[in-house]
Amino acid sequence: MTTLASGTDTLTRDALTVLQPGFTGTTAPDWLLRRLGEGLASVGLFGRNIASPGQLAALTAQLRAERDDVLVAIDEEGGDVTRLEVRSGSSFPGNHALGAVDDVELTRAVAHELGRRLASCGVNLNWAPSADVNSNPSNPVIGVRSFGADTELAARHTAAYVTGLQSAGVAACTKHFPGHGDTAVDSHHSLPRIDVPADVLTDRELTPFRAAVAAGTRAVMSAHILVPALDPDLPATLSRRVLTGLLRGELGYDGLIVTDGMEMRAIAGTYGIERGSVLAVAAGADAICVGGGLADDATVLRLRDALVAAVRAGELPEERLADAADRVRALARWAGTADRSPENVHGDDIGLRAARRALTVTVAPGLERPESFKPLTEPPYVAALTPVANIAVGDETPWGVAAELIHLLPGTVTGSFSAEDAEDAEDGKDGRADKDRRADEDGKSGASAGRAALQAAGPRRIVAVVRDEHRHPWMASALGTLLAARPDTIVVEMGVPQAAPRGALHIATHGAARVCGRAAAEVITGLAGITGL
């Protein structure tokens with residue numbers, strides 16, 4: 001491969017500086033260390049890079065042995081999106097649960113403890129929090145990653161999260177600007193579009209970002225979404241009107257602007273990552289995130305050379321690239337000198353305590369009094385009605401209540417049921433996501449999944465676990481089949497609780513993190529009383 005520059009001149013170093021690539025493996029590959037020596041200033045970590053806190057600390061030390069001021073970024077929201085605990089589930093309940101509690105001091109404390117754990121492992125930039133207002137309940141990618149559908153609630157908790165995280169010495173990266181909540185499409189797959197008037201955007205989507213800017217967020221991540229009221233032609237990540245005119249100009253933000261992953265289809269499938277990266281920097285982005293799906297030296301060199309070539313061709317002002325690189329270095333300086341509160345002042349169980357407070361418990365008619373519900377004392381059958389996980393969450397992160405119930409009631413049996421069990425998806429020709437979509441087009445088909453769960457459960461008491469029942473007609477149908485035959489079924493909703501509560505006992509956890517499952521299991525088994533009725 002012929003490259004455009006040797007990696008030693010200022011222009012090429014600046015081009016490397018604005019990249020935030022990922023890589024594979026739990027130790028840094030030689031190519032990454034070499035690029036750090038040539039000017040690369042940021043590295044993005046994902047679940048594939050993390051085996052344990054000790055290993056992560058060794059990895060970040062390896063990176064800093066090559067460049068002591070490197071920005072080490074991670075996508076650690078807590079809740080559904082976790083990288084520190086990708087194989088076990090998060091110790092923190094996530095934004096929607098925190099919004100359900102609506103205690104800003106609790107949100108600040110949770111964010112601080114999460115930041116403390118990141119800092120202890122050498123991570124100094126977190127691509128969090130999500131400031132998106134979940135105004136569209138059918139949103140397939142935000143959901144419980146949002147603090148909620150209320151704008152002011154999302155704003156005050158976004159600010160609290162930023163403050164808590166940064167008090168631990170970890171830079172917050174508030175996302176996804178100008179707001180990803182009113183979308184029905186996942187930008188990992190295609191380009192979402194938000195068709196609302198500018199005044200709605202100002203009053204709703206932008207309010208949490210204003211709060212984040214006022215709280216001093218050190219970074220903001222752009223969204224790959226088309227918002228015609230702001231720019232009818234270009235997605236936000238590539239729009240100078242959005243990044244420079246709105247975020248820098250109207251909102252007065254002066255920190256680092258980071259793009260969402262450039263390999264996502266919303267950009268890569270339309271512009272390509274090279275052209276997209278050039279347009280993003282020209283629009284006002286300072287750091288190009290790439291590496292969730294593309295993680296090799298060839299990708300880094302392609303992007304570096306595309307930026308250098310664009311400057312030399314007059315398509316990208318050299319001073320714009322230099323300004324972007326300077327902002328990356330400025331954040332690195334802040335991270336190296338930030339005040340930290342390293343002591344654990346909130347306790348290791350702050351996440352579990354938050355998850356317990358986030359529960360909403362509803363008993364069936366006739367069981368209005370909490371004492372009327374008899375906790376389980378015999379091992380149940382846990383039927384997980386499982387939708388396709390979105391890419392941001394990943395398939396590898398466990399969720400549900402089964403593991404916690406197995407711990408509390410040994411002998412608990414569990415099974416997973418999905419759109420693949422629906423009657424109109426039995427031909428086996430489509431992928432899992434297609435089956436989920438097809439089953440949702442005919443909610444009646446979910447009855448077969450419900451019958452399969454009933455047969456598997458036998459005489460055991462059933463605990464049915466759902467996620468976003470309101471978004472999945474097949475799931476609602478399966479649950480209806482279960483409840484018609486077994487009205488004593490306990491239902492645990494681990495997504496956004498939009499559907500009406502049903503079941504002998506309905507527990508809304510407002511998230512699917514491990515601690516959410518633990519909190520629900522405590523209620524089911526009587527370790528925790530039913531409160532808030």
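Me: What is the strand order in the open sheet of six strands?

Reply: The order is E2-E3-E4-E5-E6-E7, with parallel pairing. Strands here are DSSP runs of E of at least two residues, helices are H or I runs of at least four, and both are numbered from the N terminus. This is a predicted model: local features need pLDDT of at least 70, side-chain atom pairs count only at pLDDT 80 or more, and totals for chains, interfaces and linings use all residues. Residues are numbered from 1 along each chain as its sequence is written, and side-chain values use heavy atoms, without hydrogens or water.

Me: Why do E2 and E7 stand at the edges?

Reply: E2 and E7 (256-258) each have a single partner strand, so one side of each lacks a neighbour in the sheet.

Me: How do you know that E2 and E3 pair?

Reply: Two strands pair if DSSP finds at least two bridges between them. E2 (residues 42-45) and E3 are joined by four, and they run parallel. Ser 42 stands opposite Leu 71 in E3. E3 and E4 (residues 125-126) have two bridges, so they pair under that rule. There, Ala 73 has Leu 125 as its bridge partner.

Me: Which way do the residues of E3 point, and are they buried or exposed?

Reply: Leu 71 and Ala 73 point one way from E3 (residues 71-74), Val 72 and Ile 74 the other. All are buried, that is, under 20% relative accessible area with a 1.4 Å probe and protein chains only (exposed is over 50%, partly exposed in between).

Me: What makes a set of residues a nonpolar core?

Reply: Its members are buried Ala, Val, Leu, Ile, Met, Phe, Trp, Tyr and Cys residues, joined through side-chain atoms within 4.5 Å. The largest one has 109 residues, and Leu 63 is among those touching the most other members. H12 gives the most to this core, with eight residues. A second, separate core of 27 residues includes Leu 359 and Val 515.
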